[in-house]
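Please read the numbered points alongside the sequence and the model.

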Amino acid sequence: MFPNNWFMLVIFAFAAFRLTRLLVFDKITRFIRAPFIDEIEVQEDGAFVTYTKIKGQGMQRWFGELLSCYWCTGVWVTALLLLGYYWLPRVTEPLLFLLAIAGLAAVIETIIGKVSDE
């Protein structure tokens with residue numbers, strides 16, 4: 001039932017990448033991070049830079065630490081996607097493909113952006 005071929009490995013990789021970025025960086029999910037992290041924007045050398053300050057203690061701080069760490073969140077996101085695929089494959093599989101397509105599109109857009117800037 002777990003991914004057993006290269007195609008599903010790639011799907012899981014792009015899906016985990018996209019969902020992790022969604023939770024850790026994207027503005028649309030700022031409301032999820034807000035109870036755990038203060039995001040402070042400052043202008044430095046003409047560009048806006050965002051700094052994070054973790055709130056609270058105990059579980060609140062733990063979630064703040066988790067959501068401020070791309071690598072940490074990625075591990076938990078991957079675990080949740082794998083468990084979802086194992087327990088509820090009919091629900092999780094479309095979500096995996098949606099996230100994987102969005103992740104691949106983000107990678108392509110980044111590459112094109114870098115190439116076109118040169």
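Is Cys72 buried, partly exposed or exposed?

1. Cys72 is partly exposed, with a relative accessible area of 33%. Here buried means under 20% relative accessible area, exposed means over 50%, and partly exposed lies in between (1.4 Å probe, protein chains only). Cys69 is buried, at 19%. The structure holds 0 disulfides, a disulfide being a pair of cysteine sulfur atoms within 2.5 Å.

2. This is a predicted model, in which local features need pLDDT of at least 70 and side-chain atom pairs count only at pLDDT 80 or more, while totals for chains, interfaces and linings use all residues. Residues are numbered from 1 along each chain as its sequence is written, and side-chain values use heavy atoms, with hydrogens and water left out.

3. Helix α1 spans residues 6-24 and helix α4 residues 70-87; their axes lie 9 Å apart at an angle of about 130 degrees. The two helices are therefore oblique to each other, a class that remains once angles under 35 degrees (roughly parallel), over 145 (roughly antiparallel) and 65 to 115 (roughly perpendicular) are set aside.

4. In the contact (heavy atoms within 4.5 Å), α1 contributes residues including Met8, Phe12 and Phe17, and α4 contributes residues including Tyr70, Val77 and Tyr85. The residues of this contact divide into 13 nonpolar, 4 polar and 1 charged. Nonpolar covers Ala, Val, Leu, Ile, Met, Phe, Trp, Tyr, Cys and Pro; charged covers Asp, Glu, Lys and Arg; the others, Gly among them, are polar.

5. Val10 lies in helix α1 and is partly exposed, at 42%. The C-alpha atoms of Val10 and Leu104 are separated by 9.9 Å, the two residues being 94 residues apart along the chain.

Key
Axes fitted to C-alpha atoms, helices over the stretch in contact; angles between N-to-C directions. Helix = DSSP H or I, 4+ residues; strand = E, 2+ residues; numbered from the N terminus.
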